[in-house]
Every structure is written in structure tokens, then in C-alpha cells.
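I opened this model to look up its overall build first.

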Amino acid sequence: MKIYSARHGQTEWNSKDVICGITDINLTEKGKKQALELAEKAYAKGDIDVILCSPLKRARETAQAVADKIHKDIIIDERLTEWNYGFYEGKHRTAEGFADSKVAFGVKMGENGESLLQLAHRIYTVLDEVREKYSDKNVLLVCHGGVCRVIETYFHNMTTEEFLNFFMGNCELREYEA
């Protein structure tokens, strides 16, 4: 079994380095083109059986481009929603304390957001379930940068420094043997 992960296409906030967690915004024109490019990559893989997707518009729009190309339905999974960044939502990525908050694993992000432990629990639960439920299939998860960072930790050990610096580009596609 393979599990693929992909981050959604570009949004306006991505283009301006603005923190976007649970804020539900659309893709830019560039993001839509990236989604079509991701669809081509997924088609070239030729082995994706199931698409699971975050309910947020930017991920759904991206997943729909792939689904249309490979003729699969999308299954929305609320657990693939991006990390709730609390009061950091809408602030620039260089906002004071944001980087440190990413690795304060037991502290809720931006006071009223979600801790890294909460996020990891949510995402690891999805991955465990996918491995059990779809053990004979290959699954694409269309989600978000913070979620993709946690998916990476599920399959590969990461130091705190590696976790902090992990980056997944818009519509980048990663493949994991599950």
C-alpha cells in the first residue's frame, strides 16, 4: 500500500506569507493551475484508488482537479483540516512567537488554537485508519502544510529542528510505503 500526501494549491495568503490554518479561502489562479499540474502527476502515478480530502475549500478545489483527472470520488475527512493556529491566523509568518509555538508540542497554538499534540493525534488517527481500512489500496490525502508536516513525522523520524524547517510546496506530491 502507498499513501500519497499533497498540499493544496496556492491561496492569496500563501502568496503573501500569511498564516492560514482553519480560515477557509479559495485558490488563486496560480493555485488552480498548480492543482491541474498535481492532477497530471497523480494520473501519471496511475495507482491512486482513493482520495481523502480536508473539508476546507482550498483542499477541496485541489482534490477535485485530481478526482476529475483520475475519475475517483473524493471522501471528505474533517480530521484533515489544517492546524488551528489560534490568534496567529491572518498574521505574517514572521509574527513574534509563531516559529517557537510550532514546536511547543503541549501548548495550544496562539492560545486558543490547537497544540501540536492534538494535531498529531488527529492526523495519526487518520493514518492508522487509512492503513487498516484501505490496506489493499493506494490513498491520496489532499490537505495542508501543517498536516503534511505531521504526516512526514508518521513515516520518518524528525528532530525538532527538522520539524520546524519542514516545508511542503503547494501541490507537491509525496509518496510513502505504508
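The C-alpha atoms fill a box of roughly 45 × 35 × 25 Å along the principal axes.

I noted the ground rules. This is a predicted model, where local features need pLDDT of at least 70, side-chain atom pairs count only at pLDDT 80 or more, and totals for chains, interfaces and linings use all residues. Residues are numbered from 1 along each chain as its sequence is written, and side-chain values use heavy atoms, with hydrogens and water left out.

I looked up burial next. Buried residues (under 20% relative accessible area, 1.4 Å probe, protein chains only) make up 52% of the 178 residues. For contacts (heavy atoms within 4.5 Å) with a separation of 6 or more, 73% join residues 24 or more positions apart.

I then turned to the rings. The structure holds seven aromatic pairs (ring centres of Phe, Tyr or Trp, its six-membered ring, within 6.5 Å). Trp83 is buried at 0%, and Tyr85 is buried at 3%. Phe87 and Tyr88 also pair in a tilted way, at 4.8 Å and 45°. Which residues form the aromatic cluster? I found Trp83, Tyr85, Phe87, Tyr88 and Phe98 in one cluster.

How values were computed:
Buried < 20%, exposed > 50% of the residue type's maximum accessible area, 1.4 Å probe, protein only. Phe/Tyr/Trp six-rings, centres within 6.5 Å; stacked < 30°, edge-to-face > 60°.
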